Protein chains: 2
Amino acid sequence: MTGVERVDPAAPHVLASDLSATRGDGVFESIGVFDGRPQAVEAHLARFARSSAMLDLPAPDLDAWRRLVADAVAAVGDEPQVLLKLIWSRGDEFDDRPTGWLHAFAMPDHTAEHLDGISVVTLDRGLRSDVAETSPWLLQGAKTLSYAVNRAALREAARRGADDVLFTSTDGFVLEGPNSTAVALLDGVLVTTPPALGVLEGTTQGDLFAWAEGRGLATAVRATTVDEVRRASGLWLTSSGRLLAPVVRLDGAPLPVDVDLTRDAVAALRAR
Amino acid sequence: MTGVERVDPAAPHVLASDLSATRGDGVFESIGVFDGRPQAVEAHLARFARSSAMLDLPAPDLDAWRRLVADAVAAVGDEPQVLLKLIWSRGDEFDDRPTGWLHAFAMPDHTAEHLDGISVVTLDRGLRSDVAETSPWLLQGAKTLSYAVNRAALREAARRGADDVLFTSTDGFVLEGPNSTAVALLDGVLVTTPPALGVLEGTTQGDLFAWAEGRGLATAVRATTVDEVRRASGLWLTSSGRLLAPVVRLDGAPLPVDVDLTRDAVAALRAR
């Protein structure tokens with residue numbers, strides 16, 4: 001990596017011909033930093049490299065990114081909740097080199113969502129659950145900069161009076177949220193969707209499962225149908241910023257919330 | 001529109017937190033300029049406005065964009081082949097105003113593709129042909145900045161030794177190219193796919209059809225199956241820069257080329 005410098009985020013630093021801006025052609029990660037501790041850095045960097053490979057981007061220099069994360073964490077000081085956005089773009093359309101940047105900014109507090117939960121609607125992603133295998137050019141499972149559909153889905157949720165979205169496959173399986181991983185409590189087991197179904201491997205979900213297993217709670221990575229999840233004993237959307245948001249309504253129908261489990265898990269995830 | 005200024009494209013003008021660069025959240029158009037004449041400007045601007053509406057973006061001020069196009073055309077002088085890229089982004093993540101820019105640059109010459117044709121592979125877009133109606137949040141038919149899949153499809157074509165892609169729906173219909181509209185000659189009729197199937201309304205295809213009708217050639221906008229197109233008397237991919245590229249091979253099988261029609265149509269489209 002060449003030419004790393006610290007710059008003022010209020011000034012422009014991206015070319016108008018950068019393929020991030022003109023084609024959403026790149027990948028990203030969002031790392032949460034709570035009370036100065038960056039979370040799941042290695043899981044994020046591993047996924048950053050996997051996404052890059054899926055887009056045939058040059059491999060990001062993970063040592064350089066690791067140093068950049070450490071520098072950013074040192075720079076934000078005692079800000080309690082910070083998000084680090086790592087971007088790796090194919091670069092200027094008229095050049096042959098990728099461009100990358102890390103942007104650190106303060107996050108809003110998510111305590112209300114932890115306590116009150118969120119209302120979620122299911123939306124069809126339009127794809128079968130096997131496209132990651134049959135049609136790799138659809139980039140399902142890569143965390144790309146092409147998130148216009150994810151953001152349109154969130155606007156559709158708002159139109160329906162909901163806070164967030166659970167994407168489903170055309171063959172009836174639960175996928176993920178536009179910015180989150182879905183975790184359901186089914187027959188006493190915490191369950192999430194396998195990456196083979198074209199979803200991202202959740203970094204926060206990974207730590208949640210490790211914590212749950214330490215408490216003796218069983219976990220499983222397996223495909224679940226939407227019907228199954230409608231009868232779950234609990235459903236959460238996990239992500240780096242919000243950590244763990246309990247779903248209190250799915251398509252308008254109430255879902256049970258395990259208040260103690262949610263509170264303890266949020267505390268454990270924040271204390272990583 | 002406020003704050004229009006002419007700037008050096010070699011200097012950065014986009015914020016690292018602009019949602020074009022971090023989320024592919026915006027729309028675009030590419031207008032060809034041949035020997036100083038911008039092509040299909042009103043069709044492009046109308047589609048720019050439609051795409052913006054589909055993304056719930058503020059409506060672009062078309063009068064201001066029209067002036068911007070005219071200014072850019074005047075500025076590029078007698079450059080023979082120029083592409084104008086118009087970008088309308090949701091803007092800075094930390095602000096509530098869209099950002100827009102127009103970028104003019106010289107295009108390569110496409111004569112070889114007009115004469116020699118291109119080799120194309122069909123690739124499944126993974127979506128049914130009715131998703132534009134059933135699932136508008138998938139943004140099919142909007143020209144968004146989230147083109148990572150389009151670009152991945154082109155890399156997949158290159159891996160298969162081909163030049164370009166014809167996207168198909170899961171229910172077997174012909175859709176469009178990653179950067180082009182498909183036009184087939186079927187039983188003496190020039191046929192293209194209806195926007196209702198989730199494709200862009202082609203600006204170059206529109207002018208091609210108008211020209212063809214003037215020559216007494218019938219045209220139709222109707223759904224076609226992949227099997228039908230494999231038996232076409234001719235197949236072209238139309239776009240603003242390359243204009244009209246005859247497909248000489250589809251998935252490795254040769255297709256007939258109407259050399260005279262291609263030559264005359266390219267000349268007519270260039271002379272608009």
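Two residues are in contact if their C-beta atoms, placed from the backbone, lie within 7 Å. The views below show a predicted model.

**View 1. The contact between chain A and chain B.** This contact takes 41 residues from chain B and 41 residues from chain A. On chain B, the side that touches chain A receives at least two residues from each of helix H1 (19-23), strand S3 (81-89), strand S4 (99-106), strand S5 (118-124) and helix H6 (148-159). H6(B) gives the most to that side, with seven residues. Sorted by class, the side of chain B that touches chain A has 22 nonpolar, ten polar and nine charged residues.

**View 2. The relation between the two copies.** Two copies of a chain are related by a rotation about an axis and a shift along it. Here chain B is superposed on chain A by a rotation of 180° with 0.0 Å of shift along its axis, at an RMSD of 0.0 Å. That is the relation of a two-fold axis. Of the interface residues of chain B, 100% are also interface residues in chain A, so the copies meet through the same surface.

**View 3. The two domains of chain A.** The domain assignment of chain A gives domain 1 (19-107) and domain 2 (112-270). Taken over C-alpha atoms, the centres of these two domains of chain A are separated by 23 Å. Their contact takes 21 residues from domain 1 of chain A and 16 residues from domain 2 of chain A. Strand S1 (26-34) and helix H2 (41-54) of chain A each supply at least two residues of the domain 1 side. The largest share of that side, eight residues, comes from S1(A). By class, the side of domain 1 of chain A that touches domain 2 of chain A has ten nonpolar, eight polar and three charged residues.

**View 4. The pairing of S1(A) with S3(A)****.** Nine bridges join S1(A) to strand S3 (residues 81-89) of chain A, and the two run antiparallel. Glu29(A) stands opposite Leu86(A) in S3(A).

Definitions and conventions:
Residues are numbered from 1 along each chain as its sequence is written. Chains are lettered from A and ligands numbered from 1 in the order in which they are written. This is a predicted model: local features need pLDDT of at least 70, side-chain atom pairs count only at pLDDT 80 or more; totals for chains, interfaces and linings use all residues. Helices (H or I, at least four residues) and strands (E, at least two) are DSSP runs, numbered from the N terminus. Ala, Val, Leu, Ile, Met, Phe, Trp, Tyr, Cys and Pro count as nonpolar, Asp, Glu, Lys and Arg as charged, and the others, Gly among them, as polar. Domain bounds come from an automatic or database domain assignment. Copies are superposed by least squares on the C-alpha atoms of residues with pLDDT of at least 70 in both. Two strands pair if DSSP finds at least two bridges between them.
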